[in-house]
Amino acid sequence: MKLARFGASGSERPGVILADGTRLDASEFVREYDEAFFASDGVRALGAWLKDAGAAAPRVPATARLGAPLARPSKIVCIGLNFRDHAAESQMDLPKEPVIFFKATTALVGPGDPVMIPRGGGKLDWEVELAVVIGAKASYVDEARALDHVAGYALHNDYSERAFQLERGGQWVKGKSCDTFAPIGPFLATRDEIADPQALGMWLTVNGVTRQKGTTANMVFGVANLVSYVSQFMTLLPGDIISTGTPAGVGLGIKPEPVYLQPGDVVELGVDGLGQSRQKVVAHS
């Protein structure tokens with residue numbers, strides 16, 4: 001299934017996108033795609049409802065805004081330098097263990113919402129990523145069983161304000177957590193929709209120019225390894241997100257000089273099986 005949320009920001013309703021693109025309102029069956037939904041085997045129950053009653057569910061207009069495909073989670077865990085080519089362009093050694101940092105959950109927005117340059121910022125950068133959504137509580141999980149704890153996958157643009165991240169001291173979280181810096185979607189594809197999360201093409205363009213083109217096969221640490229690894233240090237709750245890193249081609253790595261986003265720029269991106277998203281850059285207001 002493809003889970004989505006429709007409506008104005010702050011008033012989204014849960015729904016499902018069918019294979020033919022039809023959008024169904026599922027709010028009569030489920031209140032929200034949140035921790036309680038995933039923890040109560042909600043994906044399985046939703047599938048049964050869709051089979052039995054989906055034909056009678058209200059249709060959602062194609063013009064309706066798409067929000068993030070799940071409610072604000074307890075945490076967004078990001079993985080740094082997890083693609084071999086991105087580590088090389090960053091002139092950094094491959095990590096011996098996954099590099100973990102957080103992105104504030106207040107950064108979460110819909111896949112078509114504008115991305116805003118933060119106050120005092122000026123080095124806004126892009127990163128197409130595969131986001132993993134946890135479906136069952138995970139603590140000290142073995143890698144062999146790690147995917148059993150995954151509800152599904154989504155497209156994520158891990159926006160970064162490089163000046164805050166690299167020039168202001170402290171941890172990377174400062175440059176990753178600004179409002180609008182986590183557009184996710186257009187939908188959450190349940191685990192059965194993605195046969196192999198390590199065989200997904202991914203791409204990103206800025207104003208129509210290809211900047212990133214890679215594959216999840218180039219990850220240093222795969223999805224199962226990451227779920228297991230992160231669970232050794234914190235409990236992952238249903239609905240939590242792990243964003244698994246980005247391939248080469250970020251603005252910071254462009255030679256001879258880095259290239260950063262400006263107001264009016266348009267960023268488009270996609271991952272195989274997870275759709276596409278589009279954000280327009282706006283100045284702080």
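I begin with the side chains of glutamate 32 and arginine 5, which meet in a salt bridge with an N to O distance of 2.9 Å. By salt bridge I mean a side-chain nitrogen of Lys or Arg within 4 Å of a carboxyl oxygen of Asp or Glu. Glutamate 32 lies in the loop between strand 3 (23-25) and helix 1 (35-39), and arginine 5 in strand 1 (residues 2-6), so the pair ties together parts that are 27 residues apart in sequence. Helices (H or I, at least four residues) and strands (E, at least two) are DSSP runs, numbered from the N terminus.

A word on the basis of these values. This is a predicted model, in which local features need pLDDT of at least 70 and side-chain atom pairs count only at pLDDT 80 or more, whereas totals for chains, interfaces and linings use all residues. Residues are numbered from 1 along each chain as its sequence is written, and side-chain values use heavy atoms, with hydrogens and water left out.

Are the two partners buried or exposed? Glutamate 32 is buried, with a relative accessible area of 13%, and arginine 5 is buried at 7%. Buried means under 20% relative accessible area, exposed over 50%, and partly exposed in between, with a 1.4 Å probe and protein chains only.

The salt-bridge count comes to 16. In another of these, the closest N and O atoms of lysine 103 and aspartate 158 are 2.7 Å apart. Lysine 103 lies in strand 5 (residues 99-103) and aspartate 158 in the loop between strand 10 (150-157) and strand 11 (160-161), so this pair ties together parts 55 residues apart in sequence. Both lysine 103 and aspartate 158 are buried.

Aspartate 125 forms a salt bridge with arginine 162, at 2.8 Å between the closest N and O atoms, and both residues are buried. These pairs belong to a network of salt bridges that links Lys103, Asp125, Glu127, Asp158, Arg162 and Lys176.

I turn to the helices. In helix 6 (residues 223-231), 8 of the 9 residues are buried. Those buried residues pack against strand 4 (76-80), strand 5, strand 9 (128-134), strand 10 and strand 16 (241-243), where contact means heavy atoms within 4.5 Å.

In helix 2, the buried residues are Gly42, Leu46, Trp49 and Leu50. They cover an arc of only 100° around the axis, which puts them on the same side of helix 2; the arc is that of the directions from the helix axis to the C-beta atoms. The face turned away from the buried side of helix 2 carries the exposed residues Arg44, Lys51 and Asp52.
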